[in-house]
Amino acid sequence: MKILVVRFSSIGDIVLTTPVVRCLKQQLPETELHYLTKFSFHKVIASNPYIDRFYYLQDNWDLLLHELAEENYDYIIDLHYNLRTARIKRKLGVKSFSFNKLNIEKWLYTNLKINRLPAVHIVDRYMETVKPLGVTNDGKGLDYFIPKEEEIKQTDLPHSHSAGYVALVIGAAHATKRLPVEKLKELCLQLQHPLVLLGGPEDKAAGAEVAAVDPVKVYNACGKFSLHESADLVRKAKLVITHDTGLMHMAAAFQKPVISIWGNTVPEFGMTPYYGNKPVPSMMFQLNGLRCRPCSKIGHDACPKGHFKCMQQQDVQKIASVATAWARELR
């Protein structure tokens, strides 16, 4: 049997599909499993040992469709469910099982603040997609695989952080998911533990500004490491403080305690840290009672209301207190 799993983006969403991949391969061991994603996200999944072959969405759609048609798949597992995946399914003409994105329910919640979303994690909804094949959730949580050559070395971090550190993810794809720099500074000042700031090259300047509050305690790793190296920094951290972003899901994949901070998005979307059946400490901070939340299922470049209360009024003292206590317990 040959199966194609499709999820084009993004980092966190792809990581959240890994239980489907593992369970398909382990419970249907004779299956040849292929995965299709955007080339820009290939590193997220390329080291996954449960996948036999990868295809990447780039510029040449006709060539991609031709190559996929040549594979003669038995099934397509569509975990993205958009116009592009509809085109693929139409071209291949084989049995497919598609993920319900609940777009109507999300629209009602973001626009009318009517919550009709099921209280079910997105991983469990992904797993429902493969239920017709007799595949069930094994409860082992998420996977993320780091190639040996992209693991960080002890010398990559300052000596002050060699005894352990808290990872603080300051980046996120959209501004309304991120704490403002001033709030991050306040958080770093109150945290009583060495910190490593994580983010992409676009977060490097903000990271430098935040780290300047205490250059010994706070190390700015934003833009200095590859995706896998950043993931390894997460794996080696005592705990992770993060926005609703891809590194949050990587942290969950490594079974790290997570303190998540929520701005314009809400946990009710079903994308909270996912550990399967494993009891790992996790705490969510959000400003309840704001009538404007959630304002988007993804995010904005700026607060649509102009006040950005969902992040400006976060209790960073409480966040720092919880993180400091956890870090001490995890020595």
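Predicted model: local features only at pLDDT ≥ 70, side-chain atom pairs only at ≥ 80, totals over all residues.
Lys 185 has a relative accessible area of 17%; the cut-off for buried is under 20%, so Lys 185 is classed as buried.

A network of salt bridges with shared partners joins five residues: Lys 148, Glu 151, Asp 232, Arg 235 and Lys 236.

## Salt bridges between separate parts of the chain

The salt bridge count for the model is 17. Side chains of opposite charge can pair when their charged atoms come close. One of the salt bridges is between Asp 52 and Lys 25, with an N to O distance of 2.6 Å. Asp 52 is in the loop between helix H3 (42-45) and strand S3 (53-57), while Lys 25 is in helix H2, so this pair ties together parts that are 27 residues apart in sequence. Are the two partners buried or exposed? Asp 52 is partly exposed, at a relative accessible area of 42%, whereas Lys 25 counts as buried at 17% relative accessibility.

Another salt bridge links Lys 177 to Asp 244, with 3.6 Å between the closest N and O atoms. Lys 177 sits in the loop between strand S6 (166-169) and H8, and Asp 244 in the loop between strand S9 (239-243) and helix H11 (246-253); the pair therefore ties together parts 67 residues apart in sequence. Lys 177 counts as buried, with 13% relative accessibility. Asp 244 also counts as buried, with 10%.

## Helix packing

Two packed helices are described by the angle between their axes and the distance between the axes. For helix H8 (residues 181-190) and helix H13 (residues 316-329), the axes come within 9 Å and cross at roughly 40°. H8 and H13 are therefore oblique to each other. The crossing in which H8 passes H13 is right-handed.

Helix H10 (residues 227-236) packs against H11 at an angle of about 55°, and the axes of the two helices are 9 Å apart. How are H10 and H11 oriented relative to each other? Angles from 65 to 115 degrees would count as roughly perpendicular and those under 35 as roughly parallel; H10 and H11 are therefore oblique. H10 passes H11 in a right-handed crossing.

## Surface patch at Trp 107

Which residues make the nonpolar surface patch? Trp 107, Leu 112 and Ile 114 make the patch, and its area is about 290 Å². Trp 107 is located in helix H6 (residues 103-112). The relative accessible area of Trp 107 is 47%, so this residue is partly exposed.

## Glu 30 and Lys 2

Glu 30 is found in the loop between helix H2 (18-27) and strand S2 (32-38). With a relative accessible area of 72%, Glu 30 is exposed. Along the chain, Glu 30 and Lys 2 are 28 residues apart, and their C-alpha atoms are separated by 8.8 Å.

Terms used
Residues numbered from 1 in each chain as written. Heavy atoms only, no water. Patch = residues over 30% accessible without salt bridge, like charges linked within 9 Å, V, L, I, M, F, W, Y side chains within 5 Å. Areas by Shrake-Rupley, 256 points an atom, 1.4 Å probe, with all protein chains shown as cover. Salt bridge = Lys/Arg side-chain N within 4 Å of Asp/Glu carboxyl O. Helix = DSSP H or I, 4+ residues; strand = E, 2+ residues; numbered from the N terminus. Buried < 20%, exposed > 50% of the residue type's maximum accessible area, 1.4 Å probe, protein only. Axes fitted to C-alpha atoms, helices over the stretch in contact; angles between N-to-C directions. Parallel < 35°, antiparallel > 145°, perpendicular 65-115°, else oblique. Left-handed = near helix turned anticlockwise from the far one by under 90°.
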